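Please examine the sequence and the structure shown below.

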Amino acid sequence: MTEPAHSTTIAGWREWVGLPSAGVPWIKAKLDTGARSSSVHAFGIETLAPDADGIERVRFRLRPWQRSDADTVVVECPVHDRRTVRSSSGHSEERIVVLMDITLMGRTVTAEMTLSNRDSMGFRMLIGREALRQGFVVDPRRSFLGGRAPKPIRRQNRGVE
């Protein structure tokens, strides 16, 4: 049996993306086919008591800009899973996993996102291959194929007022 043809979207190794369910229209992300899961910069992580349906929830703060504390967003959502994740340096830690919508290249997909403090990382968000397999191909020679954020957003991301 032949599999139906599907379209793929070519993206660069770094792109401006949105997190609509978190109310974040712009965040610069690294697309990393070497990473299995996706990760977003989160701090002040609090697990909340289960809701009436017994579903555990989490509240965290997210800063979309690399070199700025401005525009911190508070996000609350169900806990999807907890996983032990090994960083590129070989360090393992347990992380909370949530489901988040990502708007990449004009398409919105749902991805499993680990919550991690990425202050020391070059990007506030990493999109791994599990999310990318939803119809994206990464061209490692290119960047921002989906377009750039408006200039004031880019300046804010660099910490320039």
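In which sense do β4 and strand β11 pair, and over how many bridges? β4 and strand β11 (residues 125-127) pair in the antiparallel sense, over two bridges; two strands are said to pair if DSSP finds at least two bridges between them. The model is a predicted one, in which local features need pLDDT of at least 70 and side-chain atom pairs count only at pLDDT 80 or more, while totals for chains, interfaces and linings use all residues. Residues are numbered from 1 along each chain as its sequence is written, and side-chain values use heavy atoms, with hydrogens and water left out. Strands (E, at least two residues) are DSSP runs, as are helices (H or I, at least four residues), and both are numbered from the N terminus.

β4 also has a parallel partner: four bridges join β4 to strand β10 (residues 107-116). Ser39 takes part in both pairings, its bridge partner being Thr114 in β10 and Leu126 in β11. Strand β4 (residues 38-41) is covered on both faces, with Ser38 and Val40 buried on one side and Ser39 and His41 buried on the other. Here buried means under 20% relative accessible area, exposed over 50%, and partly exposed in between (1.4 Å probe, protein chains only).

Lys28 is buried yet has no salt bridge, and the nearest side chain of opposite charge, Glu15, is 11 Å away.

Elsewhere, charged side chains do meet. A salt bridge is a side-chain nitrogen of Lys or Arg within 4 Å of a carboxyl oxygen of Asp or Glu, and by this rule the count comes to 11. One of them joins Arg82 to Glu56, with the closest N and O atoms 2.6 Å apart. Arg82 lies in strand β8 (residues 81-86) and Glu56 in the loop between β5 (43-48) and β6 (57-62), so this pair ties together parts that are 26 residues apart in sequence. Arg82 is partly exposed at 35% relative accessible area, and Glu56 is partly exposed at 26%.

Another salt bridge links Arg141 and Asp139 at 3.2 Å, N to O. Arg141 is exposed, at 73%, whereas Asp139 is buried, at 11%. Finally, Glu46, Arg57, Arg59, Arg61 and Glu76 are linked in a network of salt bridges.

Conventions: Lys and Arg count as positive and Asp and Glu as negative; His and the chain ends are not counted.
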